[in-house]
Amino acid sequence: MDSQDIHDPTTPQGSRVAAFFARFRFYLTWLAMLIVFAMMAVAVYKLTNEVRYDEVVDALTDTTWTDIVLAVIFTALSFVSLIYYDLNALEYIGRKLRIAPVAATAFTAYAIGNTAGFGALSGGAIRFRSYSRLGLTPEDVARVIAFVTFAFGLGLLAVSSLTALVTAPRLSAILGFDPVYVRVGAVVILLMLASLLFVGRNGRRVQIAGIRLRLPDTLTSSRQFLITAFDLAVSASALYVLLPPTTIGWPSFFAIYSTAVGLGVLSHVPAGLGVFEAVIIGALGSSISLDQLLGSLVLYRMVYHVLPLTIAIVMVVFSEARALAKHPVAGEIGNVAARLSPPLLSAFALLLGTMLIFSSVTPTPDSDLEFLKRLVPLPVVEAAHFISSLLGLALVITSRGLAQRLDGAWWVALVAGTIAFLFSFIRALALGEATFLAIFIIAMLLNGKRFTRPASLFNQVLSTPWIVTLGIILAGATTILFFVYRDVDYSNQLWWQFEFFSEAPRGLRALLGVSILSGAIAIFSLLRPAFDRPEEVTADEISKAVSIVQAQDSADANLVRMGDKHVMFSESGRSFIMYGIQGRSWIALGDPVGDKEETAEMIWRFVERARDAGGRAVLYQVSPTLLSFCADAGLRAFKLGEMALVNMSGFDLKGGRLAGLRQALNKGKRDGMEFSIVEVEDVAALMPELKAVSDSWLSHHQTREKGFSLGAFDEDYVSSMPVATIRMNEKIIAFATVFLTQTKSEASVDLMRFAPEAPRGAMDFLFVSLIEHLKNADYQWFNLGMAPLSGMSRREVAPVWDRIGSTLFEHGERFYNFKGLRAFKSKFHPRWEPRYFAVAGGTGAVLALMDVTLLISGGVRGVVGK
């Protein structure tokens, strides 16, 4: 539907609404998240109308160290159970990894996911970064993520329903519902889950919409239920031991806690912030003193969310120490932690920035102010307080750059953290705050070598998720400010009060400064000027790229000769990426070409260039060796098909294995076919004959020339490389352009055309003859090209993308000869190597593939007209 349909008065109202939501779904989702948080913040503010900040502080100080230690122990047990989520998932998909790196990966993923919660720092991205380097394919990682996600969701439903069934009278009294309704709802959910468990017994397979699935067997389901139940039980206990003495028993609290966790997850608000608190306060506020309840919730957030992330950062610090790396197990954990240090430090910077902003709107204890008054002038305290809030904002913004390993982000975050560390003593004697900042500074210094990318920090605009995150932080700070100073009567004079014990004006000024600066950054990001598309490639650039191609191994890199793609060279000029632009998709073709040492930097540069232009970065037909680099750059990979590679050294027509090809060669010779290689300097003389064959082939197949990943018949392009020909009766009946490089590591063909009168088996004859010729010329591999959707798994544990692809491969002959193409290449007994396409964020995979199709076909007209 065209965007104009939204405003077309002849379009039905329902269609216009659907089109509007389809067009702006991404932005509306994040806006809804911000609205949900704002509503929950208002609800918490109203629920705590009778509570005062001093009472909450007193409740915090009244909590015994015994309770805190117990909460830490229960938190540790919870994270141990979370590690078993990943171990269970790996066993389910049939992959076995050493427990040490799996434990480090799972712990880090949950430490970041539980605290940050939004896409850029999600636990799924952490798993993809780590597990891809541990040997798992993108399909395997996707299965692990899917298993963990659904296992927690189903386990949470089961546990909540069971507890609600047992504690229905108590829950109904707290929530104001009839016990019958609570029990009926719980029974319905349990029956549905029991049905699912029964259907999936012994790993039973089911078929939905032509896709076969294997449900978890009884053992796997039972084990996962126990893991989830244990996880929820100990995490609930971590909060329960922090609560003051209450008449609410643990079973009833467990049911309330599970409900609060579930609603927090459904809200998609980072860490369920506000939603979780609103449910707990709403359910327990009448049974527990609200000031004590708020204090317990604050401590719970510190123990269950902040502490694990801090431990993960400390793990990174120790991973850089040689003494720890000497032990094999410690070395494995350290290697994983070190690889994940950029996202870890990014999440920690986000947390510290939020902490600085929140602390700027909360009062300093009077005893600390009395001490500071004797040592520090008031203007210095005021300036330190105001600047600290801006430093918090700086850490929040640079956390994005830290995830991208920008050297500028590292310097800004290090300087901001150091100044904030010094100011924490000047403005408030905040020892806890200073401790966290000190850990951050040490971790940054020890991991500085991992932030070497020279991209400009200030040219990085904030994406919609980051802008929404800023909005959530500001909304939270505003709520805290109004909660703390709810007894202070507002007046314009507050802005100009500068006194040691005037905390409300100080908080107002800090919040105003952060709001203005963050608003300016958000407006700049949303209204950033459109970037011009790159210039068309020049003849000099093509010549430079061809010289790089000749010095490396990938034969398909010769496609740069077509001149229909843009070329982005590395800073050194030793490598390049060729890419096309279709719609919002910036599509790179294949792996970066040239110096392998520059691969990571080239991918980062391409992703950033696409992002700066408001597009999505897509890497098309990339090899498995590139997957870890894609993960580091925040790209999610999907299997595209398999590349057929023939080992020249093992290609022997004398054996029985290739008897069919030997017969095709002998039959071609009997039919009078003659094979020859036309060198580059002689191709121009044969151009009329070659063009006649090409034109007849296009006409016979009623198709048009393609582009991007395929060559087209262009005289300059065809004459730039050798051509393999077949003649009958002195006439060319078939030809193929040959891709070669000077390394002789690999050879391939691109443009393949044959005349309608060519005998059956002519292409077999051409390929066999060409491979024999190249083998005698000491080439090592022959690339037969990719078989799309080939090798896509239909196993029950395969991700949805693979199962859809395999279904198309089996039943899509009407649209494309998937099976026939693989069958032709299989005759050569090649080695099949997977090929992938990777998309920024992974959410636009289908749209990206549509753009690739349009780019190859030359637009919609090319797709419709073949």
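Analyst: A residue is called buried when its relative accessible area is under 20%, exposed when it is over 50%, and partly exposed in between. The model discussed here is predicted.

User: Why does R574 count as partly exposed?

Analyst: R574 has 48% relative accessibility.

User: What makes R574 and E598 a salt bridge?

Analyst: The cut-off is a side-chain nitrogen of Lys or Arg within 4 Å of a carboxyl oxygen of Asp or Glu. The N to O distance between R574 and E598 is 3.2 Å, so the pair meets the cut-off of within 4 Å.

User: Which parts does this pair tie together?

Analyst: R574 is in the loop between β3 (566–569) and β4 (575–582), while E598 is in the loop between β6 (593–594) and α24 (599–612). These parts are 24 residues apart in sequence, and the pair ties them together.

User: Is E598 buried or exposed?

Analyst: E598 is buried, because its relative accessible area is 11% and the limit for buried is under 20%.

User: How do you know that R506 and E382 meet in a salt bridge?

Analyst: Their N to O distance is 3.1 Å, and the cut-off is within 4 Å. The pair links distant parts of the chain: R506 belongs to helix α22 (residues 503–526) and E382 to helix α18 (residues 378–403), 124 residues apart. Both fall under the 20% limit for buried, because R506 has 2% relative accessibility and E382 has 10%. E382 and R506 also belong to one network with E503 and R509, joined by salt bridges that share partners. In the whole structure, the search finds 19 salt bridges.

User: Why does L239 count as buried?

Analyst: L239 has 0% relative accessibility, and the limit is under 20%, so L239 is buried. L239 sits in helix α10 (residues 218–240). Setting aside neighbours within four places in sequence, its contacts are F253, Y257, F276, S296, L297 and Y300. The C-alpha atoms of L239 and I68 are 9.6 Å apart in space, although the two residues are 171 apart in sequence.

User: Which residues touch the most other members of the largest nonpolar core?

Analyst: They are L284, F440 and L619, in a core of 146 residues. Helix α13 (residues 290–319) gives the most to this core, 14 residues. Beyond four places in sequence, L284 is in contact with L243, I248, F253, I256 and L293. Another core, of 49 residues, lies apart and includes I548, V560, F713 and F837.

User: What is the mean pLDDT of the protein?

Analyst: The mean is 79, and 82% of the residues reach 70 or more. Residues 790–818 are below 50, yet this stretch has 73 contacts in the model beyond near neighbours in sequence. Residues 859–866 are also below 50, with 17 such contacts.

Key: Residues are numbered from 1 along each chain as its sequence is written. This is a predicted model: local features need pLDDT of at least 70, side-chain atom pairs count only at pLDDT 80 or more; totals for chains, interfaces and linings use all residues. Side-chain values use heavy atoms; hydrogens and water are left out. pLDDT is the predictor's confidence in each residue, from 0 to 100. Contact means heavy atoms within 4.5 Å. A nonpolar core is a set of buried Ala, Val, Leu, Ile, Met, Phe, Trp, Tyr and Cys residues joined through side-chain atoms within 4.5 Å. Buried means under 20% relative accessible area, exposed over 50%, partly exposed in between (1.4 Å probe, protein chains only). Helices (H or I, at least four residues) and strands (E, at least two) are DSSP runs, numbered from the N terminus.
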